[in-house]
Structures are given as C-alpha cells and as structure tokens.
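Thank you all for coming; I would like to take a few minutes to walk through one model with you. Please have a look at it first, and then we can go through some of its contacts together.

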Amino acid sequence: MGSPGLSTQTIVEELVDANGRSLEDTAAEVGRTLARSRACLVRNFPTEPDAYLGFLGHFGEPLPNYSSRSDLDADAPRPQINRVRYKRKGQYTTHSVHYVAGELRPHSARSWRAPRPAYFAMLMVDPGWRDSPEGQRGESVVLRWEHLLTRLAERDGEVFGEHFARLSGTPLRFQANNVREELADLPLCYPLPDATSRYDVGVRLKQDLLDKLPGIADQFPDPETYRRSLEYLVRAAADPAHQVCFPMQAGDLLLIDNNRFGHGRRTVVGEHGTGDSAAVNPRELWSVTVA
C-alpha cells in the first residue's frame with residue numbers, strides 16, 4: 001500500500017492473520033507492515049475490548065473516546081472505545097454522525113487535535129446485514145492522501161497547485177462538535193518529518209469542516225477563495241475513483257496511519273420495517289484513536 005498504489009487487493013494481500021497468535025506476535029508483524037505500507041488489515045482478531053486495547057498499546061496511547069469527554073451517550077465497552085452503530089431517532093439526545101445510516105465521507109480522526117494522533121483503528125464486531133445492495137452495507141472506505149494529491153496534480157496542473165498552496169500554507173483552528181481538546185493550528189495539509197514525496201503530507205479533514213468555515217472566517221485573508229480550495233479537496237476525496245472500499249467481516253481490524261489516511265463508510269440500511277416493531281441493523285464497529 002505504498003507509493004505505487006492502493007487497492008483492496010493490496011490490503012488483503014498484506015493482511016495479518018491473528019488466529020492462534022499472541023497479541024505481541026500479531027503486533028510485531030503488524031508493525032512491520034505499517035512500516036512498509038502505513039496501513040494494515042488484521043483478520044480473526046478477538047472482538048474483546050481488553051485484547052483490542054492491549055494490542056493498540058503497542059503502537060501508542062489509546063485516547064478516551066468522544067462519549068467520555070462529552071454529553072453523548074457513554075455506552076462504550078471501555079472509555080477509549082467509540083461504539084459505532086445505528087440508533088433510531090429518539091434513542092439519543094446529542095447527535096453523532098455515527099448514529100445515522102448515511103455515508104461518512106473520508107475524514108481524519110481527531111482532525112482538530114494537537115498533537116496529531118498517530119493511528120486510527122477500526123474493529124468490526126458485527127458486520128450487520130449483508131443482503132443489502134452494494135454500497136449500502138456499511139462498507140469501509142480508506143483514502144491515502146498522497147495518492148489523491150499526486151493524481152490531482154497530474155490531472156489539474158496549475159489549478160491544483162493553487163489550491164494545494166492555499167491548503168498547505170494557511171494555518172487554521174477549529175473545534176469538535178461534542179468534545180473539547182487542545183487545538184492544532186496547522187494548515188489543513190501539513191508537512192511530515194518523514195515524508196517520502198512532495199505530496200506525502202498529513203491532512204486533517206473534518207467531516208463537516210465546510211459547515212464550520214463561516215464561524216472561523218476571520219482566520220483567512222480571503223474566506224471565499226479558501227472555501228473554493230476546501231471544496232475542491234472535499235469533492236475529490238468523496239469521488240469513489242480515489243477510494244478503496246471493502247466490507248469488513250467480524251474480527252477484521254484495520255489500523256491506519258492517521259496522518260496519511262482518511263477513513264469513511266458507505267451507507268448503512270438502518271432499519272427494516274416501520275414503527276416500533278422495525279428491526280434495527282445490528283452492525284457494530286469499535287473505533288479507537290491512538291496518540
């Protein structure tokens with residue numbers, strides 16, 4: 001999953017099978033894959049909270065989830081684990097994008113936070129209904145920013161250059177919706193100390209950053225020009241042609257470099273039927289951000 005390209009095939013070909021292995025042995029092999037590819041899929045990982053956090057502890061400090069520092073419903077199996085599952089309206093008071101059935105466009109974990117978290121992990125506990133049409137099964141989406149930016153540079157030339165210069169040269173600060181942490185003032189596209197190419201940069205894209213721009217307009221010399229550059233990046237990141245999409249099965253754990261990758265999800269069918277008797281999709285994924 002390095003510079004030559006990113007595909008479902010490369011993710012699967014480099015997967016690590018955790019079946020019958022210790023956490024230490026699994027973590028060591030995953031570390032070698034991360035060094036090469038910056039992302040690794042682990043298969044047959046135990047869907048048990050302490051095993052999950054123990055494994056992630058080999059790569060840094062698992063951070064407290066959103067619920068533990070907000071007024072969201074704190075029903076996570078551990079304070080560091082964000083339980084991602086569909087909830088009916090009326091089952092929550094504070095809204096989260098993780099409760100709804102719509103797609104999640106590619107974004108960065110803890111995009112507002114300083115310092116930037118090193119990794120983002122997803123463990124599929126229950127893949128839910130798999131008989132829905134393709135694109136409505138909650139398929140996971142990953143996007144390597146370096147590959148996207150390189151393609152855009154080749155395709156759009158000077159137009160891309162102007163947008164990239166603006167997005168990589170303008171510091172900005174923005175807050176989360178439901179949690180308060182130390183805020184970064186880096187540009188949206190920021191340099192990495194171990195970059196291997198011109199466009200091997202970190203990106204801290206928030207899911208709803210476009211909606212937040214009016215509230216932070218005083219940070220930009222020309223807010224409307226900055227908005228156009230941000231819209232250009234958001235639109236390109238949302239294009240399936242630039243994404244890798246694959247369904248995760250129970251026990252699949254995906255660990256990605258949070259600087260270099262965006263993550264998202266296709267649409268989920270939340271309910272079958274209507275009214276109080278409607279069946280709810282049991283899909284459940286545990287996400288953790290690692291500092």
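Let me begin with a term: a polar contact is a pair of N or O atoms within 3.5 Å, where within protein one atom must be able to donate a hydrogen and the other to accept it, and where residues adjacent in sequence count only if both atoms are side-chain atoms. Please keep in mind that this is a predicted model, in which local features need pLDDT of at least 70 and side-chain atom pairs count only at pLDDT 80 or more, while totals for chains, interfaces and linings use all residues. Residues are numbered from 1 along each chain as its sequence is written, and side-chain values use heavy atoms, with hydrogens and water left out.

With that in hand, a polar atom of the Ser108 side chain lies 2.7 Å from the backbone oxygen of Val203. Ser108 belongs to the loop between E4 and E5, these being strands, that is, DSSP runs of E with at least two residues, just as helices are runs of H or I with at least four, numbered from the N terminus. Its relative accessibility is 3%, so Ser108 counts as buried, a word used for under 20% relative accessible area, with exposed over 50% and partly exposed in between (1.4 Å probe, protein chains only). Beyond neighbours within four places in sequence, Ser108 is in contact (heavy atoms within 4.5 Å) with residues including Arg116, Trp145, Asn258 and His263.

Leaving aside neighbours within four places, Ser229 touches His163, Arg166 and Leu167. The buried residues of H7 pack against several elements, among them helix H4, helix H5 and strand E4.

Now to the rings, which pair if the centres of Phe, Tyr or Trp rings (for Trp the six-membered one) lie within 6.5 Å, with planes under 30 degrees apart called stacked, over 60 edge-to-face and the rest tilted. By this rule there are 7 aromatic pairs. One of them joins Phe59 and Tyr119 edge-to-face, at 6.0 Å centre to centre and 70 degrees between the planes. Because Phe59 lies in the loop between helix H3 and strand E3, and Tyr119 in strand E5, the pair ties together parts 60 residues apart in sequence. Both Phe59 and Tyr119 are buried, and together with Phe45 and Phe55 they form one aromatic cluster.
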